[in-house]
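Subject: Structure handover

Hello,

Here is the structure you asked about, with the sequence alongside. My notes on what was found in it follow below.

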Amino acid sequence: MVPLIHPLKDFAGSYYDPNFGALVFTLEGDSLHYRWGAVYGPAEVYDATKNQLRIEVAGSGNVVTFTFPSTNAPAATVEAMGATLTRKR
């Protein structure tokens with residue numbers, strides 16, 4: 001498995017879109033978990049070279065893609081289910 005380019009702490013944060021609400025990623029030990037409304041679970045590496053993680057929403061695996069402004073900064077956005085959510089914290 002290819003390691004992630006960024007540390008997990010740089011993926012963690014709260015991302016928001018007015019139509020989709022808040023998608024929150026938290027670092028728990030050495031793994032990421034997500035919460036999107038009432039849906040929550042682990043976030044697994046899908047494609048490390050593309051900053052993509054896999055989350056399960058309503059019984060279906062979904063790939064989310066993070067955008068980083070630089071190599072030394074946390075993610076600025078995450079694309080999920082066709083929406084781009086912007087980091088709020």
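**Aromatic cluster**

Phe11, Tyr15, Phe25, Phe66 and Phe68 are linked into a cluster by ring pairs. Please keep in mind throughout that this is a predicted model.

A search of the whole structure turns up six aromatic pairs. One of them is Phe11 with Phe66, an edge-to-face pair with 4.9 Å between the centres and 80 degrees between the planes. Phe11 sits in the segment before β1 (13-17) and Phe66 in strand β6, so this pair ties together parts that are 55 residues apart in sequence. Phe11 counts as buried because its relative accessibility is 0%. Phe66, at 3% relative accessibility, is buried as well.

Phe11 also forms an edge-to-face pair with Phe68, at 5.1 Å centre to centre and 80 degrees between the planes. Phe68 lies in the loop between β6 and β7, so here the parts tied together are 57 residues apart in sequence. Phe68 has a relative accessible area of 14%, and is therefore buried.

**Barrel and strand pairing**

Eight strands close into a barrel, in the order β1-β2-β3-β4-β5-β6-β7-β8, with antiparallel pairing. From one strand to the next the twist averages 30 degrees.

Some of the pairings in more detail:

- β4 and β5 are antiparallel and pair over three bridges. Asp47 stands opposite Gln52 in β5. The two strands form a hairpin with four residues between them, and Asn51 in the turn has a positive phi of about 55 degrees.
- β5 and β6 run antiparallel and are joined by six bridges. Gln52 has Thr65 in β6 as its bridge partner. This hairpin has two residues between its strands, and Ala58 in the turn has a positive phi of about 55 degrees.
- β7 and β8 run antiparallel, joined by four bridges. Ala80 stands opposite Ala83 in β8.

**Nonpolar core**

The largest nonpolar core has 22 residues. Leu23, Phe25, Leu53, Ile55, Val64 and Phe66 are those with the most contacts inside it. At least two residues of this core come from each of β2 (21-28), β3 (31-36), β5 (52-57), β6, β7 (77-80) and β8 (83-87).

What does Ile55 touch, not counting residues up to four places away in sequence? Its partners are Phe25, Tyr34, Trp36, Pro42, Ala43, Ser60, Gly61, Asn62 and Val64.

Asn62, one of those partners, is found in strand β6 (residues 60-67). Is Asn62 buried or exposed? Its relative accessibility is 17%, so Asn62 counts as buried, the cut-off being under 20%. Leaving aside neighbours within four places in sequence, Asn62 is in contact with Leu53, Arg54, Ile55, Val57 and Met81.

**Salt bridges**

Side chains of opposite charge can pair when their charged atoms come close. How many salt bridges does a search of the whole structure find? It finds three.

Lys9 forms a salt bridge with Asp10, and the closest N and O atoms are 3.2 Å apart. Lys9 counts as exposed because its relative accessibility is 55%. Asp10 has a relative accessible area of 8%, so Asp10 is buried.

Glu44 and Arg54 meet through their side chains in a salt bridge of 3.8 Å, N to O. This pair links distant parts of the chain, with Glu44 in strand β4 (residues 39-47) and Arg54 in strand β5, 10 residues apart. Glu44 is partly exposed at 42% relative accessibility, and Arg54 is partly exposed at 28%.

Arg54 also forms a salt bridge with Glu56, where the closest N and O atoms are 3.9 Å apart. Glu56, at 41% relative accessibility, counts as partly exposed. Through shared partners, salt bridges join Glu44, Arg54 and Glu56 into one network.

Regards

How values were computed:
Residues are numbered from 1 along each chain as its sequence is written. This is a predicted model: local features need pLDDT of at least 70, side-chain atom pairs count only at pLDDT 80 or more; totals for chains, interfaces and linings use all residues. Side-chain values use heavy atoms; hydrogens and water are left out. Buried means under 20% relative accessible area, exposed over 50%, partly exposed in between (1.4 Å probe, protein chains only). Contact means heavy atoms within 4.5 Å. A nonpolar core is a set of buried Ala, Val, Leu, Ile, Met, Phe, Trp, Tyr and Cys residues joined through side-chain atoms within 4.5 Å. Two strands pair if DSSP finds at least two bridges between them. Axes are lines fitted to C-alpha atoms, for helices over the stretch in contact, and angles run from 0 to 180 degrees between N-to-C directions. A salt bridge is a side-chain nitrogen of Lys or Arg within 4 Å of a carboxyl oxygen of Asp or Glu. Rings of Phe, Tyr and Trp (its six-membered ring) pair if their centres lie within 6.5 Å; planes under 30 degrees apart count as stacked, over 60 as edge-to-face and the rest as tilted.
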